Every structure is written in structure tokens, then in C-alpha cells.
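Here is a short briefing for a first look. Keep the sequence and the 3D view side by side while you read.

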Amino acid sequence: MMNVLEFFRNLPKKQCSNCGKTIQEQADCYGNLCEKCDHPAR
Ligand SMILES: [Zn+2]
């Protein structure tokens, strides 16, 4: 079995470039903004 969990733990956590909040989402479409800063209705 592959160490999938360890693989994800080694990944650098994304950080919002606007508020500095750590982004837990793995979606690439969010870029460097958290879900709050990236909210289209804002
Ligand atoms: Zn943010």
C-alpha cells in the first residue's frame, strides 16, 4: 500500500494571499484565495 496519508501531509498547505488563512481545500481552481475571499458574491 502507498503512504497516501503521508503524501498529503508532506504537501505544503495553501495560504490565502488576502487574509492569510490556511486553505484546507485541495481544489486548484481557488488559486491563492480562501473560500471567503474567493466568494463571487462578495
Ligand atoms: Zn482569505
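Cysteine 37 sits in the segment after S2. The model shown is predicted. Start at this cysteine, which is one of the protein donors of the zinc ion. The points below go from the metal site to the chain as a whole.

**The zinc site**
- Four protein atoms hold the donor positions: the SG atoms of Cys16, Cys19, Cys34 and Cys37.
- These donors lie 2.2 to 2.4 Å from the zinc ion.
- The site is tetrahedral, with angles of 104 to 118 degrees among its 4 donor atoms.
- Along the chain, the donors of the zinc ion follow the spacing C-x2-C-x14-C-x2-C.
- Cysteine 16 and cysteine 37 are 21 residues apart, and the pair links distant parts of the chain.
- Cysteine 16 is in the loop between strand S1 (14-15) and strand S2 (22-23), while cysteine 37 is in the segment after S2.

**Burial of the cysteines**
- Cysteine 16 has 5% relative accessibility, so it counts as buried.
- Cysteine 34 is buried too, because its relative accessible area is 3%.
- Cysteine 37 has 18% relative accessibility, and the cut-off for buried is under 20%, so cysteine 37 also counts as buried.

**A neighbour in the sequence and in space**
- Serine 17 and cysteine 37 are 20 residues apart in sequence.
- In space, their C-alpha atoms are 9.2 Å apart.

**Disulfides**
- A disulfide is a covalent bond between the sulfur atoms of two cysteines.
- How many disulfides does the count give? The count comes to 0 disulfides.

**The chain as a whole**
- The secondary structure comes to 1 helix and 2 strands.
- Read along the sequence, the pattern is α-β-β.
- The chain has 42 residues, and buried residues make up 10% of them.
- Take the contacts in the chain with a separation of 6 or more: residues 24 or more positions apart account for 3% of them.
- The accessible surface of the chain is about 4100 Å².
- Carbon and sulfur atoms account for 51% of that surface.

**Confidence**
- The mean pLDDT of the chain is 77.
- Of its residues, 76% reach 70 or more.
- Confidence is lowest in helix H1 (residues 4-10), at a mean of 78.
- Confidence is highest in S2, at 85.

Technical notes
Residues numbered from 1 in each chain as written. Predicted model: local features only at pLDDT ≥ 70, side-chain atom pairs only at ≥ 80, totals over all residues. Heavy atoms only, no water. Donors = N, O, S within 2.8 Å, 3.2 Å for Na, K, Ca; no water. Tetrahedral: all angles 85-135°; square planar, octahedral: opposite > 155°, others 65-115°. Helix = DSSP H or I, 4+ residues; strand = E, 2+ residues; numbered from the N terminus. Buried < 20%, exposed > 50% of the residue type's maximum accessible area, 1.4 Å probe, protein only. Contact = heavy atoms within 4.5 Å. Areas by Shrake-Rupley, 256 points an atom, 1.4 Å probe, with all protein chains shown as cover. Disulfide = S-S within 2.5 Å. pLDDT = per-residue confidence, 0-100.
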